[in-house]
Amino acid sequence: MSSVFIKNDPELLFNPLLVRINRTIRQFELQAGYNVVFLETWRTSARQDILYNYGRKNYRMKKVTESSAWYSWHQYGLAADLVFDRDNKKKGRQNPYDGDFDLLGEIGEANGLTWGGRFKIADKTHFQFTMGVSIREALQITKAHGQLGLWNHILMLMKEAGVYERNAY
(Lines give C-alpha, C1' and ligand atoms only; values in the text may rest on other atoms or scores of the structure.)
Protein backbone atom coordinates (compact mmCIF):
# COMPACT_ATOMS: atom_id res chain seq x y z
CA MET A 1 0.00 0.00 0.00
CA SER A 2 1.25 3.48 -0.88
CA SER A 3 2.03 5.91 1.91
CA VAL A 4 -0.46 8.68 2.53
CA PHE A 5 1.91 10.70 4.72
CA ILE A 6 3.23 14.10 3.71
CA LYS A 7 6.72 13.96 2.22
CA ASN A 8 8.65 17.19 2.57
CA ASP A 9 12.12 15.87 1.80
CA PRO A 10 13.66 18.03 -0.95
CA GLU A 11 15.96 15.14 -1.94
CA LEU A 12 12.92 13.46 -3.54
CA LEU A 13 12.74 16.21 -6.17
CA PHE A 14 14.17 16.41 -9.68
CA ASN A 15 17.52 18.09 -9.11
CA PRO A 16 17.10 21.01 -11.56
CA LEU A 17 13.83 21.85 -9.77
CA LEU A 18 15.55 21.68 -6.40
CA VAL A 19 18.39 23.96 -7.58
CA ARG A 20 15.87 26.56 -8.76
CA ILE A 21 13.80 26.31 -5.59
CA ASN A 22 16.87 26.65 -3.38
CA ARG A 23 17.92 29.78 -5.32
CA THR A 24 14.40 31.14 -4.94
CA ILE A 25 14.39 30.47 -1.19
CA ARG A 26 17.81 32.10 -0.65
CA GLN A 27 16.86 35.20 -2.67
CA PHE A 28 13.50 35.52 -0.93
CA GLU A 29 14.98 35.14 2.54
CA LEU A 30 17.55 37.86 1.80
CA GLN A 31 14.83 40.25 0.60
CA ALA A 32 12.01 39.44 3.02
CA GLY A 33 14.04 38.62 6.12
CA TYR A 34 12.19 35.44 7.07
CA ASN A 35 12.40 31.76 6.21
CA VAL A 36 10.74 29.59 3.60
CA VAL A 37 10.29 25.85 4.26
CA PHE A 38 9.10 22.86 2.26
CA LEU A 39 5.51 21.89 3.05
CA GLU A 40 5.28 19.03 0.56
CA THR A 41 7.47 17.62 -2.19
CA TRP A 42 6.86 14.18 -3.69
CA ARG A 43 3.41 12.59 -3.32
CA THR A 44 2.17 9.03 -3.66
CA SER A 45 -0.91 8.27 -5.77
CA ALA A 46 -2.77 7.30 -2.57
CA ARG A 47 -2.06 10.69 -0.98
CA GLN A 48 -3.00 12.52 -4.18
CA ASP A 49 -6.36 10.74 -4.28
CA ILE A 50 -7.03 11.61 -0.63
CA LEU A 51 -6.34 15.28 -1.38
CA TYR A 52 -8.46 15.11 -4.54
CA ASN A 53 -11.41 13.70 -2.61
CA TYR A 54 -11.40 16.53 -0.03
CA GLY A 55 -14.46 18.60 -0.80
CA ARG A 56 -15.84 16.03 -3.23
CA LYS A 57 -16.93 13.23 -0.92
CA ASN A 58 -17.52 15.55 2.04
CA TYR A 59 -19.15 18.70 0.74
CA ARG A 60 -18.62 20.56 4.02
CA MET A 61 -14.90 20.63 3.24
CA LYS A 62 -13.20 22.89 0.73
CA LYS A 63 -11.55 21.31 -2.32
CA VAL A 64 -7.78 21.34 -2.00
CA THR A 65 -6.75 20.21 -5.50
CA GLU A 66 -8.14 19.75 -8.96
CA SER A 67 -5.70 16.91 -9.70
CA SER A 68 -6.38 13.23 -9.09
CA ALA A 69 -3.69 10.55 -8.92
CA TRP A 70 -1.01 10.85 -11.62
CA TYR A 71 -2.32 14.27 -12.71
CA SER A 72 -0.22 16.19 -10.19
CA TRP A 73 3.39 17.18 -10.80
CA HIS A 74 4.15 16.21 -7.20
CA GLN A 75 3.95 12.54 -8.18
CA TYR A 76 6.76 13.00 -10.68
CA GLY A 77 9.11 14.87 -8.34
CA LEU A 78 8.58 18.00 -10.43
CA ALA A 79 6.67 20.15 -7.91
CA ALA A 80 6.96 21.40 -4.37
CA ASP A 81 4.77 23.41 -2.02
CA LEU A 82 6.52 26.08 0.02
CA VAL A 83 5.33 27.96 3.12
CA PHE A 84 6.79 30.44 5.58
CA ASP A 85 8.48 30.21 8.95
CA ARG A 86 8.49 33.88 9.90
CA ASP A 87 10.21 33.37 13.24
CA ASN A 88 12.16 30.16 13.63
CA LYS A 89 13.04 31.09 17.24
CA LYS A 90 9.40 31.50 18.27
CA LYS A 91 7.88 28.60 20.20
CA GLY A 92 4.46 27.31 19.28
CA ARG A 93 2.51 27.04 16.09
CA GLN A 94 2.74 29.80 13.50
CA ASN A 95 0.59 30.42 10.46
CA PRO A 96 2.76 29.04 7.61
CA TYR A 97 0.62 30.93 5.08
CA ASP A 98 1.40 34.32 6.64
CA GLY A 99 3.95 35.76 4.24
CA ASP A 100 4.53 37.45 0.92
CA PHE A 101 3.63 34.74 -1.61
CA ASP A 102 3.57 37.30 -4.43
CA LEU A 103 7.24 38.16 -3.87
CA LEU A 104 8.12 34.46 -3.52
CA GLY A 105 6.24 33.72 -6.76
CA GLU A 106 7.99 36.52 -8.67
CA ILE A 107 11.40 35.30 -7.52
CA GLY A 108 10.49 31.70 -8.42
CA GLU A 109 9.40 32.73 -11.90
CA ALA A 110 12.64 34.68 -12.37
CA ASN A 111 14.44 31.41 -11.56
CA GLY A 112 12.56 29.51 -14.28
CA LEU A 113 9.80 27.98 -12.16
CA THR A 114 6.09 27.91 -12.88
CA TRP A 115 4.25 29.44 -9.93
CA GLY A 116 0.80 28.17 -8.93
CA GLY A 117 -0.27 31.68 -7.93
CA ARG A 118 -0.96 32.33 -11.62
CA PHE A 119 -3.13 29.23 -12.11
CA LYS A 120 -6.82 29.64 -12.94
CA ILE A 121 -7.48 28.36 -9.42
CA ALA A 122 -4.52 29.96 -7.62
CA ASP A 123 -2.25 27.74 -5.53
CA LYS A 124 0.28 30.20 -4.15
CA THR A 125 2.32 27.57 -2.29
CA HIS A 126 2.97 25.55 -5.48
CA PHE A 127 6.08 25.66 -7.69
CA GLN A 128 6.89 23.31 -10.57
CA PHE A 129 9.45 22.79 -13.33
CA THR A 130 8.26 20.81 -16.37
CA MET A 131 9.98 22.32 -19.45
CA GLY A 132 6.62 22.39 -21.23
CA VAL A 133 5.93 18.67 -20.88
CA SER A 134 2.19 18.10 -20.40
CA ILE A 135 0.90 16.03 -17.52
CA ARG A 136 -0.40 13.44 -20.00
CA GLU A 137 3.04 13.20 -21.63
CA ALA A 138 4.61 12.81 -18.19
CA LEU A 139 2.25 9.93 -17.41
CA GLN A 140 2.98 8.21 -20.74
CA ILE A 141 6.76 8.59 -20.40
CA THR A 142 6.68 7.40 -16.78
CA LYS A 143 4.60 4.34 -17.67
CA ALA A 144 7.00 3.44 -20.48
CA HIS A 145 10.36 4.41 -18.94
CA GLY A 146 9.83 5.15 -15.23
CA GLN A 147 10.42 8.36 -13.35
CA LEU A 148 14.10 8.48 -14.33
CA GLY A 149 13.05 8.22 -17.98
CA LEU A 150 10.85 11.29 -17.50
CA TRP A 151 13.63 13.18 -15.74
CA ASN A 152 16.08 12.28 -18.54
CA HIS A 153 13.55 13.51 -21.11
CA ILE A 154 13.30 16.85 -19.32
CA LEU A 155 17.11 17.08 -19.08
CA MET A 156 17.27 16.58 -22.86
CA LEU A 157 14.71 19.39 -23.34
CA MET A 158 16.77 21.62 -21.04
CA LYS A 159 19.90 21.00 -23.09
CA GLU A 160 18.05 21.70 -26.34
CA ALA A 161 16.66 24.95 -24.89
CA GLY A 162 20.06 26.02 -23.55
CA VAL A 163 18.91 26.15 -19.91
CA TYR A 164 20.93 23.18 -18.68
CA GLU A 165 23.50 24.40 -16.17
CA ARG A 166 26.31 21.88 -16.42
CA ASN A 167 27.80 22.20 -12.94
CA ALA A 168 24.57 22.97 -11.06
CA TYR A 169 23.18 19.46 -10.73
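In the predicted model, the side chain of K159 lies over the face of Y164, at 4.9 Å from the ring centre.

A pair of aromatic rings is described by the distance of the centres and the angle of the planes. Seven aromatic pairs are found in the structure. One of them joins F28 and Y34 in an edge-to-face arrangement, the centres being 5.4 Å apart and the planes 85 degrees from each other. This pair counts as edge-to-face because the angle between its planes, 85 degrees, is over 60 degrees. F28 is buried, since its relative accessibility is 0%, and Y34 is likewise classed as buried, at 10% relative accessibility. F28 and F84 form a further pair, tilted, with 5.4 Å from centre to centre and 35 degrees between the planes. Here the two partners come from distant parts of the chain, F28 belonging to helix α1 (residues 15-32) and F84 to strand β2 (residues 79-85), 56 residues apart. F84 has a relative accessibility of 3% and therefore counts as buried. Through ring pairs, F28, Y34, F84 and F101 are linked into a cluster.

Helix α1 comprises 18 residues and spans 25 Å between its first and last C-alpha atoms, close to the 26 Å expected at 1.5 Å a residue. Its buried residues are P16, L17, L18, V19, R20, I21, T24, I25 and F28. An α-helix has 3.6 residues a turn, so residues three or four places apart point the same way. In α1, such spacing is seen among the buried residues I21, T24, I25 and F28. The buried residues of this helix pack against β1, β2, α3, β4 and α4 (135-161). Just after α1, G33 adopts a positive phi of about 85 degrees.

The strands form an open sheet of four members in the order β1-β2-β4-β3, with antiparallel pairing. Strands β1 (35-40) and β3 (114-115) are the edge strands, each pairing on one side only. The pairing of β3 with strand β4 (residues 126-128) is antiparallel and involves two bridges. Within this part of the sheet, W115 stands opposite F127 in β4. Helix α3 (residues 101-110) packs on the sheet and touches β1, β2, β3 and β4, and its direction makes about 140 degrees with that of β2.

Several loop residues were examined individually. T41 is located in the loop between β1 and α2 (45-53). With a relative accessibility of 0%, T41 counts as buried. When neighbours within four places in sequence are left aside, T41 is in contact with K7, N8, D9, P10, L12, L13, H74, A79 and A80.

Most residues other than glycine have a negative phi, and most peptide bonds are trans. Against this background, W70 shows a positive phi of about 70 degrees although it is not a glycine. W70 is situated in the loop between α2 and β2 and counts as partly exposed because its relative accessibility is 33%. A positive phi, near 55 degrees, is also found for M131, a residue other than glycine. M131 occupies the loop between β4 and α4 and, at 25% relative accessibility, is classed as partly exposed.

Helix α4 contains L150, which counts as buried because its relative accessibility is 0%. The C-alpha atoms of L150 and Y76 are separated by 8.1 Å, although the two residues are 74 residues apart along the chain. Not counting residues up to four places away in sequence, L150 touches Y76, L78, V133, A138, I141 and T142.

Definitions and conventions
Residues are numbered from 1 along each chain as its sequence is written. This is a predicted model: local features need pLDDT of at least 70, side-chain atom pairs count only at pLDDT 80 or more; totals for chains, interfaces and linings use all residues. Side-chain values use heavy atoms; hydrogens and water are left out. Rings of Phe, Tyr and Trp (its six-membered ring) pair if their centres lie within 6.5 Å; planes under 30 degrees apart count as stacked, over 60 as edge-to-face and the rest as tilted. Buried means under 20% relative accessible area, exposed over 50%, partly exposed in between (1.4 Å probe, protein chains only). A charge sits over a ring if NZ of Lys or CZ of Arg is within 6 Å of the ring centre and within 35 degrees of the ring normal. Two strands pair if DSSP finds at least two bridges between them. Contact means heavy atoms within 4.5 Å. Axes are lines fitted to C-alpha atoms, for helices over the stretch in contact, and angles run from 0 to 180 degrees between N-to-C directions. The expected span of a helix is 1.5 Å times one less than its number of residues.
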